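Please open the model in your viewer and keep the selection panel at hand. The tour below goes from one selection to the next and says what is there at each stop.

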Amino acid sequence: MSTVLQQLFNALALGGVYALVALGLTLVYGVMRVPNFAHGGLYMLGAYLTYAALTGLNVGYVPALILSALGVALLAALMERVIFHPLRNAPHVHPMIAAIGVLFFLEALISHPRVFGPDFKQIAEPLPGIVNLGGVTLTWQRLLIIAASVLVMLGLNYFLKRTLTGATIEAMSQNREGARLVGINTNRVGMLTFAISGALAAVAASLIAPINAVTPSMGEVMNLKVFAIIILGGMGSVPGAIVGAFLLAFTEVFGGFYISLDFADVIGFAMLVIVLALRPQGLFRKGT
(Lines give C-alpha, C1' and ligand atoms only; values in the text may rest on other atoms or scores of the structure.)
Protein backbone atom coordinates (compact mmCIF):
# COMPACT_ATOMS: atom_id res chain seq x y z
CA MET A 1 0.00 0.00 0.00
CA SER A 2 2.83 2.43 0.82
CA THR A 3 4.31 1.82 -2.63
CA VAL A 4 0.98 2.55 -4.29
CA LEU A 5 0.60 5.74 -2.26
CA GLN A 6 4.10 6.82 -3.23
CA GLN A 7 3.27 6.34 -6.91
CA LEU A 8 0.04 8.27 -6.30
CA PHE A 9 1.99 11.28 -5.06
CA ASN A 10 4.40 10.99 -8.00
CA ALA A 11 1.43 11.01 -10.37
CA LEU A 12 -0.10 14.03 -8.62
CA ALA A 13 3.15 15.96 -8.97
CA LEU A 14 3.54 15.06 -12.64
CA GLY A 15 -0.13 15.78 -13.30
CA GLY A 16 0.20 19.21 -11.71
CA VAL A 17 3.02 20.11 -14.11
CA TYR A 18 1.11 18.76 -17.11
CA ALA A 19 -1.99 20.66 -16.05
CA LEU A 20 -0.23 24.03 -15.81
CA VAL A 21 1.30 23.67 -19.27
CA ALA A 22 -1.93 22.34 -20.79
CA LEU A 23 -4.00 25.15 -19.27
CA GLY A 24 -1.85 27.76 -20.97
CA LEU A 25 -2.19 26.03 -24.32
CA THR A 26 -5.95 25.64 -23.80
CA LEU A 27 -6.41 29.34 -23.04
CA VAL A 28 -4.57 30.37 -26.21
CA TYR A 29 -6.53 27.96 -28.35
CA GLY A 30 -9.83 28.94 -26.77
CA VAL A 31 -9.29 32.67 -27.26
CA MET A 32 -7.17 32.86 -30.41
CA ARG A 33 -8.07 29.55 -32.12
CA VAL A 34 -4.33 29.04 -32.58
CA PRO A 35 -2.71 25.65 -31.85
CA ASN A 36 0.47 27.20 -30.50
CA PHE A 37 3.18 24.68 -31.35
CA ALA A 38 5.74 27.08 -29.87
CA HIS A 39 4.30 26.44 -26.41
CA GLY A 40 6.86 23.74 -25.68
CA GLY A 41 9.61 26.22 -26.52
CA LEU A 42 8.24 28.64 -23.93
CA TYR A 43 8.20 25.80 -21.40
CA MET A 44 11.84 24.99 -22.17
CA LEU A 45 12.81 28.66 -22.00
CA GLY A 46 11.19 28.97 -18.59
CA ALA A 47 13.47 26.28 -17.19
CA TYR A 48 16.58 27.91 -18.66
CA LEU A 49 15.64 31.37 -17.38
CA THR A 50 15.23 29.92 -13.90
CA TYR A 51 18.63 28.29 -14.20
CA ALA A 52 20.15 31.58 -15.42
CA ALA A 53 18.59 33.55 -12.55
CA LEU A 54 19.86 31.05 -9.98
CA THR A 55 23.40 30.82 -11.33
CA GLY A 56 23.89 34.24 -12.89
CA LEU A 57 21.96 36.54 -10.55
CA ASN A 58 22.44 34.40 -7.42
CA VAL A 59 18.83 34.89 -6.35
CA GLY A 60 16.72 32.39 -4.46
CA TYR A 61 14.52 29.75 -6.06
CA VAL A 62 11.22 31.62 -5.66
CA PRO A 63 12.57 34.93 -7.07
CA ALA A 64 14.12 32.96 -9.95
CA LEU A 65 10.77 31.30 -10.66
CA ILE A 66 8.99 34.68 -10.63
CA LEU A 67 11.59 36.28 -12.91
CA SER A 68 11.31 33.33 -15.29
CA ALA A 69 7.51 33.59 -15.38
CA LEU A 70 7.64 37.33 -16.04
CA GLY A 71 10.30 36.96 -18.74
CA VAL A 72 8.45 34.22 -20.61
CA ALA A 73 5.14 36.08 -20.23
CA LEU A 74 6.65 39.18 -21.86
CA LEU A 75 8.15 37.10 -24.66
CA ALA A 76 4.82 35.30 -25.26
CA ALA A 77 2.95 38.63 -25.43
CA LEU A 78 5.55 39.96 -27.88
CA MET A 79 5.24 36.77 -29.91
CA GLU A 80 1.50 37.24 -30.19
CA ARG A 81 1.91 40.84 -31.34
CA VAL A 82 4.75 40.26 -33.82
CA ILE A 83 3.92 36.81 -35.20
CA PHE A 84 0.35 35.70 -34.58
CA HIS A 85 -1.52 39.01 -34.77
CA PRO A 86 -0.41 39.74 -38.36
CA LEU A 87 -1.51 36.21 -39.31
CA ARG A 88 -4.97 36.43 -37.69
CA ASN A 89 -6.74 36.48 -41.08
CA ALA A 90 -4.38 34.08 -42.84
CA PRO A 91 -5.21 30.40 -43.46
CA HIS A 92 -4.92 28.30 -40.30
CA VAL A 93 -1.82 26.51 -41.51
CA HIS A 94 0.19 29.76 -41.57
CA PRO A 95 0.22 30.45 -37.79
CA MET A 96 0.87 26.74 -37.19
CA ILE A 97 3.97 26.82 -39.38
CA ALA A 98 5.07 30.08 -37.78
CA ALA A 99 4.72 28.54 -34.31
CA ILE A 100 6.81 25.53 -35.29
CA GLY A 101 9.43 27.94 -36.63
CA VAL A 102 9.50 29.76 -33.29
CA LEU A 103 9.95 26.44 -31.47
CA PHE A 104 12.94 25.48 -33.60
CA PHE A 105 14.40 28.98 -33.31
CA LEU A 106 14.23 28.90 -29.50
CA GLU A 107 15.84 25.46 -29.41
CA ALA A 108 18.65 26.58 -31.74
CA LEU A 109 19.18 29.76 -29.71
CA ILE A 110 19.40 27.94 -26.38
CA SER A 111 21.67 25.25 -27.88
CA HIS A 112 24.16 27.80 -29.20
CA PRO A 113 27.53 27.49 -27.42
CA ARG A 114 27.52 31.20 -26.58
CA VAL A 115 24.12 30.96 -24.90
CA PHE A 116 23.64 27.75 -22.86
CA GLY A 117 24.99 25.09 -25.17
CA PRO A 118 23.58 21.65 -26.03
CA ASP A 119 24.55 19.98 -22.75
CA PHE A 120 21.92 19.47 -20.07
CA LYS A 121 21.77 21.64 -16.98
CA GLN A 122 20.79 20.69 -13.47
CA ILE A 123 18.98 22.85 -10.92
CA ALA A 124 19.45 21.98 -7.27
CA GLU A 125 16.34 21.24 -5.25
CA PRO A 126 15.39 24.29 -3.15
CA LEU A 127 14.14 21.99 -0.41
CA PRO A 128 16.51 19.00 -0.40
CA GLY A 129 15.75 15.90 1.55
CA ILE A 130 12.77 13.63 2.02
CA VAL A 131 9.69 13.52 4.20
CA ASN A 132 7.88 10.49 5.57
CA LEU A 133 4.07 10.66 5.47
CA GLY A 134 2.52 7.60 7.04
CA GLY A 135 5.20 5.30 5.69
CA VAL A 136 5.28 6.99 2.28
CA THR A 137 8.69 8.47 1.45
CA LEU A 138 8.56 11.60 -0.70
CA THR A 139 10.90 14.38 -1.67
CA TRP A 140 10.08 17.90 -0.56
CA GLN A 141 10.27 19.03 -4.18
CA ARG A 142 7.37 16.80 -5.23
CA LEU A 143 5.28 18.12 -2.36
CA LEU A 144 6.20 21.63 -3.44
CA ILE A 145 5.11 20.85 -7.00
CA ILE A 146 1.74 19.53 -5.83
CA ALA A 147 1.08 22.49 -3.52
CA ALA A 148 2.27 25.14 -5.98
CA SER A 149 0.37 23.71 -8.96
CA VAL A 150 -2.86 23.54 -6.97
CA LEU A 151 -2.43 27.13 -5.77
CA VAL A 152 -1.72 28.37 -9.31
CA MET A 153 -4.75 26.52 -10.70
CA LEU A 154 -6.99 27.92 -7.97
CA GLY A 155 -5.62 31.40 -8.63
CA LEU A 156 -6.24 31.04 -12.36
CA ASN A 157 -9.79 29.86 -11.72
CA TYR A 158 -10.43 32.85 -9.45
CA PHE A 159 -8.98 35.20 -12.05
CA LEU A 160 -11.12 33.81 -14.87
CA LYS A 161 -14.35 33.53 -12.88
CA ARG A 162 -14.20 36.44 -10.42
CA THR A 163 -12.43 39.31 -12.14
CA LEU A 164 -13.50 41.61 -14.94
CA THR A 165 -10.36 40.95 -16.96
CA GLY A 166 -10.88 37.22 -16.64
CA ALA A 167 -14.48 37.65 -17.78
CA THR A 168 -13.27 39.39 -20.94
CA ILE A 169 -11.02 36.41 -21.70
CA GLU A 170 -13.93 34.00 -21.28
CA ALA A 171 -16.21 36.23 -23.36
CA MET A 172 -13.66 36.34 -26.15
CA SER A 173 -13.22 32.57 -26.06
CA GLN A 174 -16.97 32.16 -26.54
CA ASN A 175 -17.46 34.75 -29.28
CA ARG A 176 -14.55 36.86 -30.46
CA GLU A 177 -16.61 39.08 -32.78
CA GLY A 178 -19.33 39.56 -30.18
CA ALA A 179 -16.71 40.55 -27.60
CA ARG A 180 -15.31 43.14 -29.99
CA LEU A 181 -18.76 44.58 -30.68
CA VAL A 182 -19.48 45.14 -26.98
CA GLY A 183 -16.27 47.14 -26.59
CA ILE A 184 -13.72 44.56 -25.44
CA ASN A 185 -10.21 45.33 -26.64
CA THR A 186 -9.55 42.02 -28.39
CA ASN A 187 -5.93 42.92 -29.17
CA ARG A 188 -5.12 43.51 -25.52
CA VAL A 189 -6.96 40.35 -24.44
CA GLY A 190 -5.02 38.34 -27.02
CA MET A 191 -1.68 39.61 -25.70
CA LEU A 192 -2.76 39.01 -22.11
CA THR A 193 -3.82 35.45 -22.91
CA PHE A 194 -0.47 34.67 -24.48
CA ALA A 195 1.30 36.24 -21.49
CA ILE A 196 -0.66 34.09 -19.02
CA SER A 197 0.02 31.03 -21.16
CA GLY A 198 3.76 31.72 -21.16
CA ALA A 199 3.83 32.36 -17.41
CA LEU A 200 2.04 29.05 -16.69
CA ALA A 201 4.52 27.16 -18.88
CA ALA A 202 7.48 28.83 -17.15
CA VAL A 203 6.14 28.07 -13.67
CA ALA A 204 5.60 24.42 -14.61
CA ALA A 205 9.11 24.12 -16.04
CA SER A 206 10.64 25.81 -12.99
CA LEU A 207 8.84 23.43 -10.64
CA ILE A 208 9.89 20.23 -12.45
CA ALA A 209 13.43 21.37 -13.34
CA PRO A 210 15.03 20.34 -9.99
CA ILE A 211 13.77 16.78 -10.62
CA ASN A 212 14.42 16.46 -14.35
CA ALA A 213 17.41 17.61 -16.37
CA VAL A 214 17.04 20.89 -18.28
CA THR A 215 17.72 20.28 -21.98
CA PRO A 216 17.02 22.21 -25.21
CA SER A 217 14.77 19.40 -26.47
CA MET A 218 12.56 19.21 -23.38
CA GLY A 219 9.98 21.44 -25.06
CA GLU A 220 9.38 19.01 -27.93
CA VAL A 221 8.46 16.18 -25.58
CA MET A 222 6.17 18.40 -23.55
CA ASN A 223 4.55 19.71 -26.73
CA LEU A 224 3.45 16.23 -27.73
CA LYS A 225 2.05 15.49 -24.30
CA VAL A 226 0.10 18.72 -23.78
CA PHE A 227 -1.45 18.53 -27.24
CA ALA A 228 -2.50 14.98 -26.42
CA ILE A 229 -3.93 16.27 -23.14
CA ILE A 230 -6.04 19.06 -24.62
CA ILE A 231 -7.31 16.76 -27.38
CA LEU A 232 -8.17 14.17 -24.75
CA GLY A 233 -9.89 16.70 -22.50
CA GLY A 234 -11.66 18.53 -25.33
CA MET A 235 -10.13 21.36 -27.34
CA GLY A 236 -10.59 24.64 -25.47
CA SER A 237 -12.02 23.11 -22.29
CA VAL A 238 -10.28 24.23 -19.09
CA PRO A 239 -11.69 21.41 -16.91
CA GLY A 240 -10.85 19.00 -19.71
CA ALA A 241 -7.23 20.14 -19.71
CA ILE A 242 -6.94 19.50 -15.97
CA VAL A 243 -8.66 16.10 -16.08
CA GLY A 244 -6.69 15.07 -19.17
CA ALA A 245 -3.40 16.12 -17.55
CA PHE A 246 -3.93 14.04 -14.43
CA LEU A 247 -5.33 11.12 -16.43
CA LEU A 248 -2.21 11.03 -18.60
CA ALA A 249 0.08 11.41 -15.57
CA PHE A 250 -1.64 8.58 -13.67
CA THR A 251 -1.50 6.33 -16.74
CA GLU A 252 2.21 7.02 -17.27
CA VAL A 253 3.23 6.61 -13.63
CA PHE A 254 1.21 3.51 -12.77
CA GLY A 255 1.68 1.96 -16.23
CA GLY A 256 5.42 2.52 -15.96
CA PHE A 257 5.49 1.08 -12.44
CA TYR A 258 3.43 -2.04 -13.06
CA ILE A 259 4.53 -2.75 -16.64
CA SER A 260 7.81 -1.03 -17.57
CA LEU A 261 9.29 2.44 -17.31
CA ASP A 262 10.51 2.07 -20.89
CA PHE A 263 6.88 1.97 -22.05
CA ALA A 264 5.47 4.71 -19.79
CA ASP A 265 5.02 7.22 -22.61
CA VAL A 266 3.66 4.55 -24.95
CA ILE A 267 1.08 3.49 -22.37
CA GLY A 268 -0.03 7.11 -21.94
CA PHE A 269 -0.57 7.64 -25.65
CA ALA A 270 -2.30 4.27 -25.97
CA MET A 271 -4.78 5.44 -23.35
CA LEU A 272 -5.33 8.59 -25.42
CA VAL A 273 -6.12 6.53 -28.53
CA ILE A 274 -8.57 4.32 -26.62
CA VAL A 275 -10.44 7.25 -25.07
CA LEU A 276 -10.71 9.13 -28.37
CA ALA A 277 -11.91 5.96 -30.12
CA LEU A 278 -14.77 5.83 -27.64
CA ARG A 279 -15.33 9.60 -27.40
CA PRO A 280 -13.85 11.43 -30.43
CA GLN A 281 -14.88 14.89 -29.18
CA GLY A 282 -12.84 14.45 -26.00
CA LEU A 283 -13.95 14.12 -22.41
CA PHE A 284 -15.43 17.63 -22.17
CA ARG A 285 -16.99 20.05 -24.57
CA LYS A 286 -15.40 23.47 -25.02
CA GLY A 287 -16.48 25.92 -22.35
CA THR A 288 -17.44 23.23 -19.83
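Where is the place of Asn36? Select Asn36, and you will find it in the loop between helix 1 and helix 2, where helices (H or I, at least four residues) are DSSP runs numbered from the N terminus. Before going further, note that this is a predicted model, in which local features need pLDDT of at least 70 and side-chain atom pairs count only at pLDDT 80 or more, while totals for chains, interfaces and linings use all residues. Residues are numbered from 1 along each chain as its sequence is written, and side-chain values use heavy atoms, with hydrogens and water left out.

Now show the surroundings of Asn36: leaving aside neighbours within four places in sequence, Asn36 is in contact with Leu25, Val28, Leu42, Met79, Phe84, Ala99, Phe194, Asn223 and Phe227, contact meaning heavy atoms within 4.5 Å.

Next select Arg33, which also has its place in the loop between helix 1 and helix 2. Arg33 is partly exposed, with a relative accessible area of 35%, and it has a positive phi of about 60° although it is not a glycine. As background, most residues other than glycine have a negative phi.

**Helix 2 against helix 4**

Select helix 2 (residues 39-56) together with helix 4 (residues 93-111), whose axes come within 8 Å and cross at roughly 25°; axes here are lines fitted to C-alpha atoms, for helices over the stretch in contact, and angles run from 0 to 180 degrees between N-to-C directions. That angle makes helix 2 roughly parallel to helix 4, since angles under 35 degrees count as roughly parallel, over 145 as roughly antiparallel, 65 to 115 as roughly perpendicular and the rest as oblique. Helix 2 passes helix 4 in a left-handed crossing (left-handed if the near helix is turned anticlockwise from the far one by less than a right angle, right-handed if clockwise).

To see the contact itself, show Gly40, Gly41, Leu42, Met44, Leu45 and Tyr48 in helix 2, which meet Leu103, Leu106, Glu107 and Ile110 in helix 4. By class, this contact of helix 2 with helix 4 has seven nonpolar, two polar and one charged residues, where Ala, Val, Leu, Ile, Met, Phe, Trp, Tyr, Cys and Pro count as nonpolar, Asp, Glu, Lys and Arg as charged, and the others, Gly among them, as polar.

**Tyr43 and the core**

Now select Tyr43 and Leu207, the residues with the most contacts inside the largest nonpolar core, which has 78 residues; such a core is a set of buried Ala, Val, Leu, Ile, Met, Phe, Trp, Tyr and Cys residues joined through side-chain atoms within 4.5 Å. Apart from neighbours within four places in sequence, Tyr43 is in contact with Val17, Val21, Ala201, Ala204, Ala205, Ile208, Met218, Gly219 and Met222.

Move along to Leu54, which lies in helix 2 and, at 22% relative accessibility, counts as partly exposed. Setting aside neighbours within four places in sequence, the contacts of Leu54 are Val59, Gly60, Tyr61, Ala64 and Ile123. From there, select Asn58 in the loop between helix 2 and helix 3 (61-84): Asn58 counts as exposed at 63% relative accessibility, and its phi is near 55°, a positive value in a residue other than glycine.

**Two further helix pairs**

Which residues of helix 1 meet helix 5? In helix 1, show Phe9, Asn10, Leu12, Ala13, Gly16, Val17, Ala19, Leu20, Leu23 and Leu27, which meet a set in helix 5 including Arg142, Leu143, Ile145 and Ile146. This contact of helix 1 with helix 5 has 15 nonpolar, three polar and one charged residues.

Finally, select helix 10 (residues 238-258) and helix 11 (residues 264-278), whose axes come within 8 Å and cross at roughly 135°, which makes helix 10 oblique to helix 11. The crossing of helix 10 and helix 11 is right-handed.

Terms used: Helix = DSSP H or I, 4+ residues; strand = E, 2+ residues; numbered from the N terminus. Buried < 20%, exposed > 50% of the residue type's maximum accessible area, 1.4 Å probe, protein only.
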